[in-house]
Amino acid sequence: MPQPKGYRSAQAPDAAPDELDRLRGELERQRANLEQAEHDRALLTDEVQLEHALLDAVVRQMPAGLAVVDAVTGLFILRNEQASRIWGRDPSGPPLERFEELRGRRADGTALAPDEWPLARTIRQGETVDGEEIWFTRLDGSEGVMEVSATPVRDADGRITAGVALLLDVTDRKRTEERLQSAQAEREVL
């Protein structure tokens, strides 16, 4: 009578204990590898969390304003505390959402349309802006001057996914320059 495949006759030499020991040893090695992989994953997770915490602290505390806009929606998706202060907004209050909420002008007094802001040009046209001065109106109605640098953020395929801008409040510097120019003009008249 033919025996089913893999069937061991009771009379066949018994190699099962050696095979069982080999399989147990392999199972233990795999368990040890899995434990090491879990340990490594936990360490990497901790490292990533620390890096995120550091990046968050840097963004929040940097002495310049930082704003990030989503290229698809045109919505502001990140701003730091300094950006809020420059705009005269409470950092914990409602965020600025759209370019239409901004009020600004060029040095010659020409008002900026929503799509003319440096960060809007960055996400729409891929333009990199370096140190453009904008006269703006804060939420409380006071006037200020900021210097804006903006650049697109691209994905691996080169598509613009966001735009990031650095904002420097140069209001005091501009006022000082104006006073110096005024004083110089007075001296020349005298």
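This is a predicted model: local features need pLDDT of at least 70, side-chain atom pairs count only at pLDDT 80 or more; totals for chains, interfaces and linings use all residues.

Me: Which ones are buried in α3?

Reply: Pro118, Leu119, Ala120, Arg121, Thr122 and Ile123.

Me: And what do the buried residues of α3 pack against?

Reply: Strands: β1 (65-70), β2 (76-79), β4 (129-137), β5 (143-154) and β6 (160-169).

Me: What follows α3?

Reply: Gly126, and its phi is positive, near 75 degrees.

Me: Switching to the largest nonpolar core. Which residues touch the most other members?

Reply: The core has 23 residues, and the ones touching the most other members are Phe76, Trp87, Phe99, Trp117, Leu119, Met146 and Leu167. Two or more residues each come from β1, α2 (81-86), α3, β4, β5 and β6.

Me: What is Leu167 in contact with, leaving aside neighbours within four places in sequence?

Reply: Ala64, Gly65, Ala83, Ile86, Trp87, Met146, Glu147 and Val148.

Me: New topic, Leu34. Where is it found, and is it buried or exposed?

Reply: Leu34 is in helix α1 (residues 16-61). Its relative accessibility is 53%, so Leu34 counts as exposed, the cut-off being over 50%.

Me: How far apart are Leu34 and Leu166?

Reply: They're 132 residues apart in sequence, and C-alpha to C-alpha they're 45 Å apart in space.

Notes: Residues are numbered from 1 along each chain as its sequence is written. Side-chain values use heavy atoms; hydrogens and water are left out. Helices (H or I, at least four residues) and strands (E, at least two) are DSSP runs, numbered from the N terminus. Buried means under 20% relative accessible area, exposed over 50%, partly exposed in between (1.4 Å probe, protein chains only). Contact means heavy atoms within 4.5 Å. A nonpolar core is a set of buried Ala, Val, Leu, Ile, Met, Phe, Trp, Tyr and Cys residues joined through side-chain atoms within 4.5 Å.
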